[in-house]
Amino acid sequence: MPIAVYVLGLAVFAQGTSEFMLSGLVSGIAADLDVSLSAAGLLTSAFAVGMVVGAPLMALSSRTWPRRRALLLFLAVFVAVHVVGALTPSYGVLLATRFVGALANAGFWAVALTTAVSMVPDRLKGRAAAVVVGGVTIACVVGVPAGAVLGERWGWRSAFWAVAIVSLPAVLAVLRSIPGGRGTDTGAAPVPVRDELRALTGPRLRPVLLTMALVQGATFCTFSYLEPLLTRETGLGAGWVPVSLALFGAGSFAGVTVAGRIADARPVAVVATGMTALALGWAALALAAGRPALALALIPLLGMLAFGTGTALITRVLGLASGAPTLAGAFSTTAFNLGATVGPWAGGLALDAGFGYRAPVWVSALLMVLALLVAATTTAKGRRPRAGERRPSAVHRSADGRL
């Protein structure tokens, strides 16, 4: 595996830390800037919205640039907004830096995914995507808890400074290790935007993107409300919350690593098995939430299944969207973060409706059932080819080895 792929994973680690670290900093931000907790919570929403809209916009704006230039620019903006965020006394400025930082993060994600898979042979594309996505899971294990510790000891601004400092080695590494060509790094003219959009809106790709959004929605629906589930339903003390988050992150890292090694060879098995197991697993956690030992055992398993399946789906999108070398990573990023935005919102609705602290977990199970229905509907359509036309099924492998 080229060292440049691991460099991209390092940069994604720093950015993933920024994306999720506010969960442990909102109280300090609210007190320091004299705003409500809900206003501080909007900082997370601003980042999520920036990720959803920013991926395609940033990918389009940078599609004619050399990949190294695009990655460096996105990283530089990301570092700059965290420095501004660490210094500003204004809530409005901080809110703006979260949105702009998310735009830069989304652009980097989109370019990084396509860059990573373009640098390796077909048999290693899943592993390359796993290395990039693995940066997020390491952020969950190490970066987010570390940010919470920094915020507790030296204030929330120290966490912003830490993200900026950790990003600097990635800037230097990208400068030294990423090829400078545009497109496929061959100097070829970029694919027309219309052709890329046609490839991305084809009947085989749309269900995969929707499935990815549903899977991530299920994941972040429960992840966002894990603390009240454990402390108010399972009966664990507050000290178990960071332990549980670390367990989830460790399972996620294991899932990304395993999926990266087998998704290229057996994509159908990884996705189908993972989705089915997740539907059952979220339901099992909802039922077992009152039993501490069982709940703690399920948390890393569900992290492994969620991110392993998500990685396989990202690899699938990049494989299906070979005709969209610029926007394939952007659409993957948008689907990922759309789920990360809608899932917590749906879980919050269930909580506000008075269904109890297990409600978000049941919502996760429901979202996985919807994802399975999307896959089943796609399969049914794929089994009815038009007269005189042989079409590959959306789930079964065709003669050329694709889904």
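S167 touches A14, F78 and V79, leaving out residues up to four places away in sequence; a contact means heavy atoms within 4.5 Å. This is a predicted model, in which local features need pLDDT of at least 70 and side-chain atom pairs count only at pLDDT 80 or more, while totals for chains, interfaces and linings use all residues. Residues are numbered from 1 along each chain as its sequence is written, and side-chain values use heavy atoms, with hydrogens and water left out.

**Around S167**
- You can find S167 in helix α7 (residues 156–177); helices here are DSSP runs (H or I, at least four residues), numbered from the N terminus.
- S167 counts as buried because its relative accessibility is 1%, and buried means under 20% relative accessible area (1.4 Å probe, protein chains only).

**The nonpolar cores**
- A nonpolar core is a set of buried Ala, Val, Leu, Ile, Met, Phe, Trp, Tyr and Cys residues joined through side-chain atoms within 4.5 Å.
- The largest core has 99 residues, and F108, W282, F307 and M368 touch the most other members.
- Helix α13 (residues 292–320) gives this core its largest share, 14 residues.
- Beyond neighbours within four places in sequence, M368 contacts V215, A218, M275, L278, A279 and W282.
- Another core, of 18 residues, lies apart from it and includes A30, L94, F160 and V163.

**Confidence**
- The average pLDDT (the predictor's confidence in each residue, from 0 to 100) is 80 for the chain, and 86% of the residues score at least 70.

Definitions and conventions:
Helix = DSSP H or I, 4+ residues; strand = E, 2+ residues; numbered from the N terminus. Buried < 20%, exposed > 50% of the residue type's maximum accessible area, 1.4 Å probe, protein only.
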